[in-house]
Amino acid sequence: QQHTSPWPYPRLVAHRGGGIMAPENTLAGFRAGVAYGYRAAECDVKLSADNVCFLLHDDTVDRTTNGHGLAAGLSMAQLSQLDAGGWKGAQFAGEALPGFANVAVYCRAQGMLLNVEIKPCPGRDAETGRLVAQEAARLWAGAVVPPLLSSFSVEALHAAQLAEPDLPRAWLVEEIPADWQATLQSLACIALHCDHATLTPQLAAAIKAAGYQLLCYTVNDVARAREIMAWGVDSVCTDRLDVLQPAQWLAE
Ligand code: G3P
Ligand code: MG
């Protein structure tokens with residue numbers, strides 16, 4: 001099935017579900033995004049030991065759950081037992097570590113656009129890219145607006161491209177390298193995502209002139225968001241859903 005482009009994309013994207021308003025990469029985060037009026041969110045997706053796609057940022061579960069150890073060594077059944085909310089506050093205790101499918105169902109039901117960052121466990125880049133892309137295609141079957149797949153891993157993006165060429169892709173970089181255009185072309189990406197701190201007006205203009213969408217992370221300040229959008233940045237990924245408020249943004 002040929003998907004349409006997710007553009008025009010919302011200008012504001014909630015980082016890791018709900019930014020700092022809720023535990024990252026949980027459904028509580030996505031509910032916070034909805035409550036703040038967000039229409040797009042980003043999350044990090046990797047593979048469990050038994051190849052189930054689930055949400056987690058780090059290589060280990062230590063920082064954001066009550067468990068310990070490498071995520072790659074845990075099955076989805078084991079991951080599902082973890083408390084992924086208590087570290088953030090007592091009101092979030094018992095919040096589950098979600099599977100990708102749970103989040104996809106919620107986002108589709110809410111009309112929330114999802115930027116799926118493929119975040120492979122070390123050494124699992126290609127299989128993670130392939131399986132996340134296949135699962136995304138299945139979960140968004142029949143959707144008018146597809147999810148946007150992104151990754152720092154060229155290997156993962158290449159595997160996603162081979163598996164599901166029609167799903168839109170973005171390459172994620174901290175700093176934009178000199179050969180950015182060749183990499184975007186080889187992966188048939190529609191967008192470049194970069195750290196806003198490394199962007200210059202000249203680079204932004206060149207990327208837009210070449211016909212790519214440009215997203216920046218992680219922008220938590222209204223003035224900075226406006227500054228880089230004036231350079232041509234299409235959207236910003238933010239932790240501060242309370243500061244960058246979609247309703248006010250549109251009204252101004
Ligand atoms: O997708 C933008 C951003 O999420 C990339 O950095 O480390 O928060 O996944 P990180
Ligand atoms: Mg991310």
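Predicted model: local features only at pLDDT ≥ 70, side-chain atom pairs only at ≥ 80, totals over all residues.
Trainee: Which residues surround ligand 1, and how many of them are charged, by class?

Mentor: Happy to start there. The shell around ligand 1 consists of H15, R16, E42, D44, H57, E117, K119, F152, L172 and Y217. Sorted by class, the shell has three nonpolar and two polar residues, and its charged residues number five.

Trainee: How much of ligand 1 does the protein bury?

Mentor: Let's look at some contacts before the area. A side-chain N or O atom of H15 is 2.7 Å from an oxygen atom of ligand 1, and a polar side-chain atom of E42 is 2.6 Å from a ligand 1 oxygen. For D44, the distance from a polar side-chain atom to an oxygen of ligand 1 is 3.2 Å. Ligand 1 taken alone exposes 290 Å², and the share of this that the protein buries is 90%.

Trainee: What spacing do the donors of the magnesium ion (ligand 2) follow along the chain?

Mentor: Good one to check on screen. The protein donors are E42 (OE), D44 (OD) and E117 (OE), and they lie 1.9 to 2.2 Å from the magnesium ion. Read along the chain, these donors of ligand 2 give the spacing E-x1-D-x72-E.

Trainee: Are E42 and D44 buried or exposed?

Mentor: The cut-off for buried is under 20% relative accessible area. E42 has a relative accessible area of 5%, and D44 has a relative accessibility of 0%. E42 therefore counts as buried, and D44 is likewise buried.

Trainee: Where in the structure do R31 and E95 lie, and how many residues apart in sequence are the parts they tie together?

Mentor: R31 and E95 form a salt bridge, with their closest N and O atoms 3.3 Å apart. R31 is in helix α1 (residues 27–35), whereas E95 is in the loop between α2 (76–80) and α3 (100–110), so the pair ties together parts whose separation in sequence is 64 residues.

Trainee: Which residues do salt bridges that share partners join into one network?

Mentor: The structure holds ten salt bridges. One of them joins the side chains of R16 and E24, at 3.1 Å from N to O; R16 is buried at 18% relative accessible area, and E24 is buried at 11%. Another is the R240 and D242 pair, whose closest N and O atoms are 2.8 Å apart. Through shared partners, salt bridges make one network of R16, E24, D58 and R63.

Terms used. Residues numbered from 1 in each chain as written. Chains lettered and ligands numbered in written order. Heavy atoms only, no water. Near = heavy atom within 4 Å. Polar contact = N/O pair within 3.5 Å; in protein donor to acceptor, adjacent residues only side chain to side chain. Areas by Shrake-Rupley, 256 points an atom, 1.4 Å probe, with all protein chains shown as cover. Nonpolar A, V, L, I, M, F, W, Y, C, P; charged D, E, K, R; others polar. Donors = N, O, S within 2.8 Å, 3.2 Å for Na, K, Ca; no water. Buried < 20%, exposed > 50% of the residue type's maximum accessible area, 1.4 Å probe, protein only. Salt bridge = Lys/Arg side-chain N within 4 Å of Asp/Glu carboxyl O. Helix = DSSP H or I, 4+ residues; strand = E, 2+ residues; numbered from the N terminus.
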